[in-house]
Each structure stands twice: as C-alpha cells, then as structure tokens.
Amino acid sequence: MNMSMKSNRRRGLLVLGLAAAMCSGTLAVAQVAKAASGKQFPWSDASLSPDVRADRVIQEMTLDEKILLLHGQGMPMGAQTDTRSNGGAGYTVAIPRLGIPSIQMADSAYGVTRGAAMGRYSTALPNNLGAASSWDTAMMQTYGELIGTELRDEGYNMTLGGGVNLAREPRDGRTFEYMGEDPLLAGTLDGNVEVGVQSQHIIGDVKHYAINDQESGRMAVNANIDQRAMRETDLRAFGIALQISHAGAVMCSYNRVNGVYACQNSYLLSDVLKGAFGFKGFVLSDWGGTHSTVQASHAGLDQEQPGDYFYGDALKKAVEDGQISQAELNEHVHRVLRSMFAAGLFDDPGKTQVPNVESGYATARQIAEESMVLLKNESHILPLAGVHRIAVIGGHADVGVLSGGGSAQVDPPGGSPVPQKPGKGIFAAFIHQAWMPDSPLRALREALPGTEISFSAGDDVAAAESAASKADVAIVFVYQWEAEGFDLPTLDLAPEQNKLVEGVAAANPRTIVVLETGSPATMPWAEKVQGIVEAWYPGIRGGEALAEILTGKVDPSGKLAITFPRSDADLPHPRLVTPPASSEPQLPPKGKPPVDFMKVLGQGLPAFQTYYDEGLKVGYKWYDAEQKPVLFPFGFGLSYTTFAYSDLRVTGGTATTVNFRLKNTGEQAGTEIAEVYAELPAAAQEPPKRLVGWARVALQPGETKQISIPVDRDRLTIFDVAHKDWELTPGSYSILVGSSSRDLPLTQTLTLP
Ligand code: BGC
C-alpha cells in the first residue's frame, strides 16, 4: 500500500481529477493498443514460442529499455496524474519503439478493484474462501474468467489476485482472500482461477509467496519454519496452482522467511519456485517488498513494484559495474516478456468497454449459491416451509451483505448502503468496511410473498427478542469484518453479536443464524439454535443467493475449506503473535509532511519472530494430530438431502484409483462433495491424514452413481529434505472416503512398495 498515494490528498484529487482519470485511462489503453497493433517486428509472428519471441526482443533492447520492464512507475490508484497509467495498483511503461505494450495491473482477488474510481462497474464475486467452499474447479475457472473479462473491459492486462497462502493462522486478516487450509484444495482451486483469468489474455498472478500467513507486522515478521513443513504445506499450494495454470507471475511477499526477506530469498525464488517448480514467469515484489538490488536480483526477483528504488538507476549501475551480469539482467527481462507473449498481450491487446453487469450478477449469484455452507439443520428448520411469520434480525440484512477490505476491495456499486466504518491499524484511514447493496431481507420477501417478514436492526436486544417471540422462525445475521493490514485478535464474534443470538434463541428456539465472516467464528450459542448457515462475504448477489438457499430453491452444497475450531485456545498459537511497535511502519503524525512510504518500507523494519512449530500440522491436520474436538470440521457441510457411501474398491499401486458408490438417499436432488483422504505409513511421520482427492456429484433422489477418483502418486509423497525430492514411503496406506474430514465411513488399505 503506498500511503503517500492513498492519502487525503488522493481523495481530494480524486473528485477533481475524475474526468482526467477516465480520460487518461483511455490514453493508457490506447497506448497499449497502438504499441501492439502497428509495425511488424521479428517477434510479431505469433506461431513462434513465447521464449523465442522474448529473446528476439531482447536482442534489440538497450540497457535503459530493459530496466524499464523491471520496475513500476509508482502507484497511481485512480488519482491520475500520470497519463501512462490505467489507474490500477501498478504498471510498467510501454516501449513503442519496439512495440512493447505496458503492463497495467489491478488488484482483483474477488473482482476488479478501483473500477469505480475509474467510473466503471466491477462485479464483486463471493470472497475467495467462500468460493473455495464450492470445491468446484469448473466454477473457479468461471470465477477467473469473469475477473479476466472485466480486467480487459477496464483496460488492464494483468491481475494482482490469486492469493493462495494457507490458513496457518486463521485470524489472519486476509483469510477471506485465500483458499483455506489444505494445499491440494487451495492450490487446485486457485490454479483454476488463474486458468480462467489467463483465458482472457490477462497475465495471471499467484501471491503472496511465501509464508505470509498473518497481517500483524507482515512487513517485518520473520517466519521461522522448517524446510519439509514449508514444502509440504504453503509452498505445495503455490506449486499446484502454478502447475495447473502456468500463471505468468508470482508476487513475493513482504515478510522474511528463515531470516531472509521473501523477495530476496534465493531458496524460495531460485531453488524452489524457478528450480523445483519450473516456473517460467516473472517474480514481482509486493508493494514496497523489495529491499535490495544485487541480492534480490541474484536471488531471483525480476521486477520491483510499485517503484524503482532498487531496480531503477541502482540496477543500471549494478549492471554497468558488473555486479549483475548481462545474462542475469536478460533473464529477468526474458521472464517479463515471455509472460507478456504467453498471455497474448502483444497479439490481442483488447479494448475497453463497459462490463456486462447483468452477466456478472448472474455469475456472482451462481457462485454464491455453491459457496454457502449449511452447518446445522436441527428438526429440518431449513428450508423454510409453511412458516407464516419470520423475524429477520441484525447484520444490516435490510440493506446488504458484508465484503472483505483492503487492496482486494471491490467497490459497491452505488456506494455502501451502510455508512463506511474505518479500518484498523496504520491503514485505518484508507480501508473502510464496505457492504454490497443486495439485501437478504428484500430477497426473502420476494421469495416468500405470502409470509410476513419483519426486520429489527438488532442494536436493541429486547426489541429483537420481542420480534423473535412473535415469529414462527427467527433469522439472526451476525458478521466479522476482515481486511488487509490487520488480523482478528480472536475468532470470537463481537460480544454484542453473541448476546444478540443468545437473546433471540432464548425468545424463540426456532432460530437460524446466518454468518457473514471471512474466517471461522466460534459459536458459544451453537447448541441453542436450530440452524446455522455460513454465507461468507457473498458478493453482489449474496442476498439473493442466500434467500434461495434458505427457501430451498437451491440445495446447499458448499463444504468448509477451513476448520471451525471451538475456541482460540485450540489453535496452534492460542494467542496471535503481535509485533512490537517498532516493527510496524509509522506514518507521520497529522500535519507533518507526507513520507515516501514505499521508500520507508524498502529500507526495512526491525524483525520480530514467529515460529511455525506446528510445521506440517496446518488446519485439520493439527486438530487430528492433537485429537482436539472441533466445532465444524474441514470438509463439512450439510445438504437438504442425504447421501450414502458404499462399495469402496481401491485399485492400482502408484496410479491409484478410488472407486465407490454414492447414493442420494433423500427426497430431493442435491450435490455431494465426496472426499478422499489418505493415512500414510507411520514411517512417513505425517499428521494422521491428508486430503488426496474429491468429486462434486449431483444426484437425483434415489439415484446412485459409481464414482472413480484418481489419486496420483504425488498426492501420497512426502518431501525428503536430504534428497531434496519427493518420496513415496513404502508401507501400508489407508484410503478413507466420506463426507467430511471427520465422517469417513469407507476405508481400505493399500500396500505400496
Ligand atoms: C498487497 C498486495 C497488493 C498490492 C497492490 C499490497 O499491499 O499486499 O496484495 O496486490 O498491495 O495493491
């Protein structure tokens, strides 16, 4: 975050400069188009490989031109003073002499951000962890396609989305932006998002590499973690995402890993990413995450963002002095150009147009329907049927649904229907709680025209209790806001929200709770309510999707991509690790001149330590290993119908296939996510089990399907640090199949040599 750019000055400029901003956005795109369309060059032949084309360009480039591709030009963010920028978080300049287009980057985790600052609409999809609860690879491609399409419509050609950090610390304020706690699930889903993004000729990006697992002190923290744990957990998620998507870029993170900043960490960048993973794209630093020239270059950082403190004149000088070789410089340039060619930036520059709002709404709703997770449904309180009076209570359900904040924030079209509360920490002035204007109350009233539906805001608990007592069913909305830049001190909801649920449940036992959270929440009242639905931050059609789930028009099919523990005390680190004040960047007090925040970041902050001693035991692996009961396990989610598993048959050796039968034993159609886990031989010294496959299966009432899930060898291997390779431990493996990580009725053992 460039605070100097996201300052009050910026907001002032924003209004004055809106017309200029829109105009310069057009200019920036025109520049892209002109550069790409005109003259023929030796690299214009699209039948050549991206590598050959990149090398041909490099042969013609001067040193200055090469340097231009290796750094950004500042962070305009809508306040347009620079006509070369499209207004996103960063960009590189075009080099018209050589027909090289500029790279225009926009944050786009769950939709394109800053679109509204440019006067354009962007679709807010359900947040990433929410969408991950669909376990639906095809849907995740659709998610990426929509983001890619709108990026193009808005004049961008590179995403800054693709967060795949594992939820090692679920209070991480960006948990909503990531894909949960399992590397196979997170990597596979994020990989599919990137496939979708890149299908629209946008450079894909996977971030924040690596072990950037909490926000508190993210710019200073030194994450201590052993190599095997790192490879098998967080890095594995990145590896899988890249293997699936061949994303053109990876953003390295702010933090240090085992003593070295991630953006100059040769183990992370050279040995693992470019070596073991065979990554062919370019590494760009998180904003202000570059801390050196020579060390970073040697380690494998290709591009500094958003400025040029280390990769501008300093890089040029280091090359001239011979500290950085021409070959090393060319390698960085090659990677940038290669990704531009591979994504189609030269051949298909695109043109701006108004995004298709209606189609965005439809996609957002469909994804939200698959994302919501039914956690409890006692006495079949859901779907709502035969009820005459419903009391809807709290959570601003009369006007909208919550969204996640920070650089991922998609602007609510028409503004936030709830006055925007400021964020926390150093970003308080720049990050605001925003709500999407899609009211669950309105959607419910439309879905149930014959039902009397009242609303109480929930601020007055006595009034809420009274409304609940007069209704057949009470639906209470509670929420937990998350944003970049700060963590949740606890997974507990605010005390007044828990009090509200307790009060309503006491007034009417037929109470349903709807949660809008970006992380798991603890639920001291779970036994006292009959229904619980996790809606996450469900996006611009979240209210409608929720009404469809509650009324049974859509069967809930989502399953948790993250464990809901009983309390903070059960987490690997019961207390959040927080930094000393000296390790958080300081902004000048009010009235003092602004600082160059990116420069301050680049100079580095004193380190503080976090020790990820839980190692391999991330998420469910921790609770399983420690034999801790949980509130709702990983992989859990109910449907309005029921399913039965039978006839497990595991075949093969190294190419294992897991076959079983799945039957819809209920009275309505539904979709089950069938999950396959493996217990490795004791000699592997692994946590009790790991997810090795799954299938989303739609079944009519009474229907049975024969399911076959391949389990590749690499899903069963462990990382051998001494041999720097993945190995299969000989011995007996148990294959477990069922509906959640803690409900696995089918088991078969398999001996592998
Ligand atoms: C965030 C990145 C984001 C970048 C540009 C950083 O502060 O960590 O995720 O892409 O800003 O906005």
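Select H201 to begin: this residue sits in the loop between α7 (183-198) and β4. Keep in mind that the model is predicted.

**Stop 1: two histidines**

Look at the backbone of H201. Its phi is near 60°, a positive value in a residue other than glycine. Most residues other than glycine have a negative phi. H201 counts as partly exposed, because its relative accessibility is 30%.

Now jump to H246. It is in the loop between α9 (234-245) and β6 (249-252). H246 also has a positive phi, about 50°, and it is not a glycine. Is H246 buried or exposed? Its relative accessibility is 62%, so H246 counts as exposed.

**Stop 2: two cis peptide bonds**

Most peptide bonds are trans. Select Y209 and A210. The bond from Y209 to A210 is cis, with omega near 10°. A210 belongs to the loop between β4 (205-209) and β5 (221-224).

Next, select Q305 and P306. The peptide bond from Q305 to P306 is cis too, with omega near 0°. You will find P306 in the loop between α11 and α12 (313-320).

**Stop 3: a buried threonine**

T290 lies in the loop between β9 (282-285) and α11 (294-299). Its relative accessible area is 2%, under the 20% cut-off, so T290 is buried. Which side chain makes a polar contact with that of T290? It is the side chain of S285, at 2.8 Å.

**Stop 4: the ligand**

How many residues surround the ligand? There are 15, and the closest are D107, R174, K207, H208 and D286. By class, this shell has seven nonpolar, two polar and six charged residues.

Zoom in on the oxygen atoms of the ligand. One is 2.5 Å from an N or O atom in the side chain of D107. A polar side-chain atom of H208 lies 2.7 Å from a ligand oxygen. For E484, a polar side-chain atom is 2.9 Å from an oxygen of the ligand. The protein covers 100% of the 310 Å² of accessible area that the ligand has on its own.

**Stop 5: a sheet of three strands**

Finish with the open sheet, where three strands run in the order β1-β2-β3 with mixed pairing. β1 (90-92) and β3 (158-159) are at the edges. Each has a single partner strand, so one side of each is left without a neighbour in the sheet. β2 (residues 103-106) and β3 run parallel, joined by two bridges. Select M105 and its bridge partner in β3, M158.

Methods: Residues are numbered from 1 along each chain as its sequence is written. This is a predicted model: local features need pLDDT of at least 70, side-chain atom pairs count only at pLDDT 80 or more; totals for chains, interfaces and linings use all residues. Side-chain values use heavy atoms; hydrogens and water are left out. Helices (H or I, at least four residues) and strands (E, at least two) are DSSP runs, numbered from the N terminus. Buried means under 20% relative accessible area, exposed over 50%, partly exposed in between (1.4 Å probe, protein chains only). A polar contact is a pair of N or O atoms within 3.5 Å; within protein, one must be able to donate a hydrogen and the other to accept it, and residues adjacent in sequence count only if both atoms are side-chain atoms. A residue is near a molecule or strand if one of its heavy atoms lies within 4 Å of it. Accessible areas come from the Shrake-Rupley method with a 1.4 Å probe; for residues, only the protein chains shown count as cover. Ala, Val, Leu, Ile, Met, Phe, Trp, Tyr, Cys and Pro count as nonpolar, Asp, Glu, Lys and Arg as charged, and the others, Gly among them, as polar. Two strands pair if DSSP finds at least two bridges between them.
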